[in-house]
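Subject: Structure handover

Hi,

Have a look at it first, and then read on for what turned up.

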Protein chains: 2
Amino acid sequence: MRYINFEDTTDTVSDEFFMKEALLEAKKALDADEVPIGAVVVHNNKIIARGHNLTETLNDVTAHAEMQAFTAAAHYIGGKYLKECTLYVTVEPCVMCAGASYWSQINRIVFGTRDEKRGYSNVSTTIVHPKTTVISGILERECRDLIQQFFQSKRL
Amino acid sequence: MRYINFEDTTDTVSDEFFMKEALLEAKKALDADEVPIGAVVVHNNKIIARGHNLTETLNDVTAHAEMQAFTAAAHYIGGKYLKECTLYVTVEPCVMCAGASYWSQINRIVFGTRDEKRGYSNVSTTIVHPKTTVISGILERECRDLIQQFFQSKRL
């Protein structure tokens, strides 16, 4: 468990801090030869759940980083709603994960880089819950480079 | 495990047969005071996975009938794609579940009754995979009555 509690913190500082943690998760996926996407869920400036893409390892299309983080966060909280939580994820959620975030009523989604092909916003920006604030572009370059390099290495 | 192998079977006969099995799953959800939605996944006329809504029991918004059935079916097959499978589900999948079906590339989705509020087709019919055939209205009345009665009983 990691904490952040700066006197003079700003949202941007803490968003970058937690996105770095999501990037660490993404690198775990990379090490397992999975599409490198990572996520953390934060409540009261504390990471309460972590997840990284495990679709190949688990033979399960539902094993996206966000889905695992939602399940783990709800388990930690002891309730299925994540109304006071923020999801940090390195890549824009797909329709499945954005659909799950709707049900969780999560307070904020912060993602690093857009997914031009399969990001939920390609279908509709209204998939997330109306009470959910979505922020993008935090550590965008690092998040994008990680996934682009993975797909480029697969094409060699 | 249940089998169907009629000499003179038609798609409608077998679709009704398997939807009855999905309804049995939905009734298990009802018995647990969960929103009564059930699902089965069928491969070569054999049920390879079952699921019913367990979001309250598991405190997990991702625990929809379809999601559990997808995970179980992939486990049975030993691969994440369900290209030769049919999902039978009593109610139209939500955006999350339809998004999961996209990743699974499932061959067919057969659902009983529409979900006017949260069905994926309210957002976009293109959420499912382009190779997936969607059929609706199988045992529609039974599927609709079950869920309507549940919500009416909650309003008393």
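B:D33 counts as partly exposed, because its relative accessibility is 45%. This residue forms a salt bridge with B:K154, where the closest N and O atoms are 2.8 Å apart. The two residues come from distant parts of the chain: B:D33 sits in the loop between α1 (11-31) and β1 of chain B, B:K154 lies in helix α4 (residues 140-155) of chain B, and 121 residues separate them. B:K154 is also listed as partly exposed, with a relative accessible area of 45%. Please keep in mind throughout that this is a predicted model.

Over all chains, the count comes to 20 salt bridges. Another one within chain B pairs B:E116 with B:R114, with 3.6 Å between the closest N and O atoms. Here B:E116 is exposed, at a relative accessible area of 60%, whereas B:R114 is partly exposed at 34%. In chain A, salt bridges with shared partners tie A:E21, A:E25, A:K28 and A:R50 into one network.

How many salt bridges are there between chain B and chain A? The count is 2. In one of them, B:E56 meets A:K80, and the closest N and O atoms are 2.6 Å apart. That pair crosses from the loop between β2 and α2 of chain B, where B:E56 sits, to the loop between α2 and β3 (85-91) of chain A, which holds A:K80. Which of the two partners is buried and which is partly exposed? B:E56 is partly exposed, since its relative accessibility is 44%, while A:K80 is buried because its value is 14%, and the cut-off for buried is under 20%. There is also a salt bridge between A:E56 and B:K80, with 2.6 Å between the closest N and O atoms.

Now for the interface as a whole. In chain B, 25 residues are in contact with 25 residues of chain A. About 2,300 Å² is buried between the two chains, and carbon and sulfur atoms give 67% of that area. On the chain B side, the residues that lose the most area to chain A are B:V61, B:K80 and B:W103, which together make up 29% of what that side buries. The interface also has 10 residue pairs in polar contact.

Just after α3(A), A:Q105 has a positive phi of about 55°.

Finally, a hairpin in chain B. Strands β1 (residues 38-43) and β2 run antiparallel and are joined by 6 bridges; in one of these, B:G38 partners B:H52. The hairpin has 2 residues between the strands, and B:N44 takes a positive phi near 50° there. Strand β2(B) (residues 46-52) is mostly covered, with 6 of its 7 residues buried.

Happy to talk any of this through.

Best wishes

Key: Residues numbered from 1 in each chain as written. Chains lettered and ligands numbered in written order. Predicted model: local features only at pLDDT ≥ 70, side-chain atom pairs only at ≥ 80, totals over all residues. Heavy atoms only, no water. Contact = heavy atoms within 4.5 Å. Buried area = accessible area lost by both parts, 1.4 Å probe. Salt bridge = Lys/Arg side-chain N within 4 Å of Asp/Glu carboxyl O. Polar contact = N/O pair within 3.5 Å; in protein donor to acceptor, adjacent residues only side chain to side chain. Helix = DSSP H or I, 4+ residues; strand = E, 2+ residues; numbered from the N terminus. Buried < 20%, exposed > 50% of the residue type's maximum accessible area, 1.4 Å probe, protein only. Pairing = 2+ DSSP bridges.
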